[in-house]
Amino acid sequence: MENKFKLLPLFLKDVSKDYKFMFPLTIVKAIFEGLYPLINIIIPKYILDELINAKRIEVIGKYVILLALGNFIFKTIISISKHELEIYSRSIYYDVSRRIGVKASKIDIQVMERKSTLDLFERAKYGSYNIQSFVESITLMISSIITIVSTIGILVSNDWRLILVIIISNILTILCFNKIKELDIDFEKRNAPFNRKYAYFANIANDFRFAKDIRLYKANKFLLYKAKEVMDGILKINYTYMNKHGFFSGITQAIVQVQIIITFILLSISLVGKKITVGSFTMLYGAANQLGNSFKNLIEAYTSLTTLGYNIEPYYEFLELEEVENNNLEEKNIGESVTIEFKNVSFKYPNREDYVFEKLSFKVNSKETLAIVGKNGAGKTTIIKLICRLYKPQEGKIYINGIDIEQFPTDQYRKFLGVVFQDFKLIPSKVSENIICKKDNEITEIDIQLAWEKLEETGIKQWLKNQSGGIENYITKIYDKNGLMPSGGQEQKIAISRALAKDGHIIILDEPTAALDPKSEEEVFENLIKLTKGKTSLFISHRLSSTRIADRIIVLDKGKIIEEGNHETLIKEDGLYANMYRIQASQYMV
Amino acid sequence: MLKITKFLLKKILKYDKVMIPIMILYTILATVQPFIWILIPTKVISLSNSGDIRSILFYILAGGIVSIISVILLSFFIANFRMRANSVRYHLIRDISAYSLAMPYENLLDPDHLSKIQLAEEAIRNPRRGIMGILNISLRLIGNILASIGLLGLMSTLSPWIMMLIFTLVIAQFYFRTEADRFNRNARKSVSEEERKYFKTTDLMKDPDYAKDIRIYSLINIMEIYAKESLGVLKDIVSKSEKKYIKAELIESFLNIIRDLVVFAYISYMLLESKIQISQFFLYTTGAISLVTMLQEMLKQMAEIFVYTKGVRAYMELLESPIIVEDQDDIQIRTKVDKELFTIEIKDLVFRYPNSKENILDNLNLTINSGEKLALVGENGTGKSTLIKILCKLYKPTSGNIYINGVDINEIPEFIYWDLVGVVFQDALLLPFSVKENIALTNDIDKERLMKSIDDADLEHIISKIQKGVDTTLLRILDDEGIDLSGGQRQKLYLARAIYKRNRFLMLDEPTAALDPLAEAELYEKYNALSKGKTSIYISHRLASTKFCDRVAYIKDGKILEIGSHEELMELGGEYNKIFNIQSKYYKNIDEMEVI
């Protein structure tokens, strides 16, 4: 518990780096807010005493003006600082989700795909709602301390017994609040996984990728039924928790009331015994009441801050995840010719018993076009992920020009690779930005020319030219209402253009033509030799007509290379490749 | 405002009636509570000269006990209320999901509709703002309103003029504040628009599906710039709106000077003139301060509620928007349409996306005979998938007609029509549930049908290999033990889905794109067997698939360019012939293979 509270100074420090004026402004606001109640407690005493005793009009007038002006000045300063701070609060709230996103792009993909990480995302997101109250809670905490210290000063200077009452009652209150805080944290912990699931259902409902099937299969009732199961879980936790919460906060409030009553009795006795004036009585009474309120505020701020400490824990836990990017390594010179070599590589997915492949070895020669063929699930795509360093093999090593790929700095290594994944994704920004992978203000004329060139090579230039806005069009309507809605095949062409425009040493294509029509497919494969000229390239394809152009083909079955050679030799060998080819070919023989 | 109140009350009555008595009791206590510690001290001061310590103690203790009981109850009520409000919120989330799941598919193409959903979602997703904000605030607001009426009454016993003055000043302050509020409300739209972009961007950053491309192409840099641009816009709007509030509050503080001066001067004057007693001085000053605090708080609460109403209104509008109803069966139409024979006639079909000038489908005419297997062929982006979506009744044609067994498709309720079609889409998705739930897409699974569809789709050998068989969870989104399926396995599962569902008309949109040759050939055969005697449409770029179709329709520029059997089209020597040759030319040497 305690160390979670320790995250707050760290968070404050982090935030202060970006917003230098935030903390000083917080202090200013807290001081004025803390002293503000005193104006209306102290000045009326002097007015009242003057009214009862000397009755000097000009003195009363002075006090009344002092009161009014004091209120005005304090309120003004509080108001200005409050709204300035509000801007910081919002910014901090927004920043958190961006930081998480940026961090997410740097961690191990396997870690990212874990459910526990996804839970962490959700907890961090839920926590970010509370982060909005960070500035407010800090201010409230400091200002209530200031008020408490000054009201205690007023009370003690008049009646020392009051301090005893206050101390005892506040110890009791703090005990109750600790209990409430425990409840809060317990609740949060139990609720988070349910909340993530529930959010998942709510998201599916608005996800157009699911929308077609949901309608045609009338799956809406089923999804709502599933969502209800989760909801019932949430409600159960909710009910037990809130009743306890209500009970303890009731007790806390009652303790405050008892404190007021005792104070009040002590003051009344002094008043009747003429030990204090009516003015002092009202002032002390006001001070005692204010003290109760300020304690309430202090505890509220404290609770809110500890909850916050708990809430930013997943955020820091996430930020502390190990980054796989390593740019401290020395850049290696690999020259123009590039070979890729697998040596005894074994790999299995987490939570899976079976290896995708064990002790796999093969080599892609420099400037060679290698095709990988095999049944679904044979491990072809996994090979690509390993080359891309997205996954790490459990055993064995992968070498580029004889250098272990782990020895390259991340940035340098990624520059080698132009990849089109089977389930590639484009981002909702401009077409040009997607191809050049830079923001438009960094894109030069030469880049644009390059992009058009690649779009032409993949055969989508004409279509894009026909759209008003051309290469400046956004993809999808997320950033721009007039964004393009390219079909699957068109997206694939853009993705291939992106891989080619990168101009790395290695080109990797995982089923590059799956969504393409025959003409485009032909174009892509005809061009493939031209496009990958001078590059070491690797592609996966189920179209065995296309594998003819490969210099070499390896056939993968159950994680092992069972055949190897070019198209002609493999046909001659009459193995799996020949069999698959025959089946495919027979379909075209009418 | 009245509509929203009515709406919320209705929802409360529907999901948690107990909230109503809690609200009433809370309101009564919250009204009385502030008076206790104003009235008791007044009494004590007035008794202090008499020295009657016993009466004083009696009043303090009596007031104290009432106060203790009421704060305990208040805390309990508020916690209970919050809990119940929160559970109502979860129900409301479910209601909007139910809406989204059943709204016309076309709404997903309409950005305005999407922002409305976003606005409504915001109103219910946040546990502090939106509907929760309204519920929690209004509870306190009602107590405040009643208590301030009491305080206004109290102040009017001092002087109706003073009461009027306080009241007028607060109204004036409210007036200046509404200006800022109005600005804030109007800004809200651009804020939520920009927030949508911002959070969409940050969500994509951490979306596992995007992770590979983000890494390889360093896309995070672009995304971060986009996020920062949105952030700049957001900060700008927020700071403008906060400046308006500063201005309003300066005026407020200034008006308070007048209030303080007049009220204190007047009360002091009354005391000096002995028109009131010292205890009353206490009563009225405390009363005046409480009244002002309460009124201001009230106005702020009202303003805050007002900010949230926009989202709630969007929410209400959505729930009232048309959805695809499920409980109206039209026997007449059903008997006409739901027949063994299933003929489709498409006449002069035109389709373009809203806000677009380009016709995706352009006067397309096509008749599909009952029991006929039709292959749809054409280049990327020629409108094949769009045609399927229209035939699924997901999109409405821009113009033209489609007749199913002679009945205009527009007259067939979706609910009936969807019973008749089976579809496997190009971009179908797995849900993170068990295998069997993914096939049946219902919680009420017919075992026999399940087994038959698994059999027919040839899923058996996949299922037998996994530990929990059909109960195995797919994907790791909701279950760490979940498993993923390969492309081919997925396709088979989708096929099983289509088989499990009864249908008269089958559509397959590129189901074999990701399959290896063996699996592909196998699936062709499966499909051939399954669609025997069934009206069906098949889209594929693998032209080999056209072989087992009765007719091939070649689409170009949104029109049918060539139509006929494979042989006829080959004979014709047109576009189809050309692309078929392109694809098959590499397989031509099959004869020499046979020799081997």
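Domain bounds are those of an automatic or database domain assignment. In this predicted model, chain A is assigned domain 1 (2-319) and domain 2 (340-586). Taken over C-alpha atoms, the centres of domain 1 of chain A and domain 2 of chain A are separated by 54 Å.

An open sheet of six strands is found in chain A, with the order 6-7-8-3-9-10 and mixed pairing. Its edges are formed by strand 6 (417-420) and strand 10 (560-565) of chain A, each of which pairs on one side only. From one strand to the next, the twist averages 15°. Gly418(A) stands opposite Ile507(A), a residue of strand 7 of chain A.

Two helices of chain A are described here in relation to these strands. Helix 12 (residues 380-387) of chain A packs on the sheet and touches strand 3 (369-374), strand 7, strand 8 (536-540) and strand 9 (552-557) of chain A. The direction of helix 12 makes about 150° with that of strand 7 of chain A. Helix 20 (residues 576-586) of chain A lies across strand 3, strand 9 and strand 10 of chain A, and runs at about 95° to strand 9 of chain A.

The contact between the chains takes 150 residues from chain A and 143 residues from chain B. On the side of chain B that touches chain A, helix 8 (residues 220-272) of chain B gives the most, with 28 residues. By class, the residues of this side of chain B comprise 85 nonpolar, 33 polar and 25 charged.

Helix 8 of chain B also packs within its own chain, where its axis and that of helix 9 (residues 278-320) of chain B come within 10 Å and cross at roughly 165°. Angles over 145 degrees count as roughly antiparallel, so helix 8 of chain B is roughly antiparallel to helix 9 of chain B. The crossing of helix 8 and helix 9 of chain B is right-handed. Helix 8 of chain B contributes Arg259(B), Val263(B), Ile267(B) and Leu271(B) to the contact, while helix 9 of chain B contributes Ile278(B), Phe281(B), Tyr284(B), Thr285(B), Ala288(B) and Val292(B). The contact of helix 8 with helix 9 of chain B has eight nonpolar residues, one polar residue and one charged residue.

Methods. Residues are numbered from 1 along each chain as its sequence is written. Chains are lettered from A and ligands numbered from 1 in the order in which they are written. This is a predicted model: local features need pLDDT of at least 70, side-chain atom pairs count only at pLDDT 80 or more; totals for chains, interfaces and linings use all residues. Two residues are in contact if their C-beta atoms, placed from the backbone, lie within 7 Å. Helices (H or I, at least four residues) and strands (E, at least two) are DSSP runs, numbered from the N terminus. Ala, Val, Leu, Ile, Met, Phe, Trp, Tyr, Cys and Pro count as nonpolar, Asp, Glu, Lys and Arg as charged, and the others, Gly among them, as polar. Axes are lines fitted to C-alpha atoms, for helices over the stretch in contact, and angles run from 0 to 180 degrees between N-to-C directions. Angles under 35 degrees count as roughly parallel, over 145 as roughly antiparallel, 65 to 115 as roughly perpendicular and the rest as oblique. A crossing is left-handed if the near helix is turned anticlockwise from the far one by less than a right angle, and right-handed if clockwise. Two strands pair if DSSP finds at least two bridges between them.
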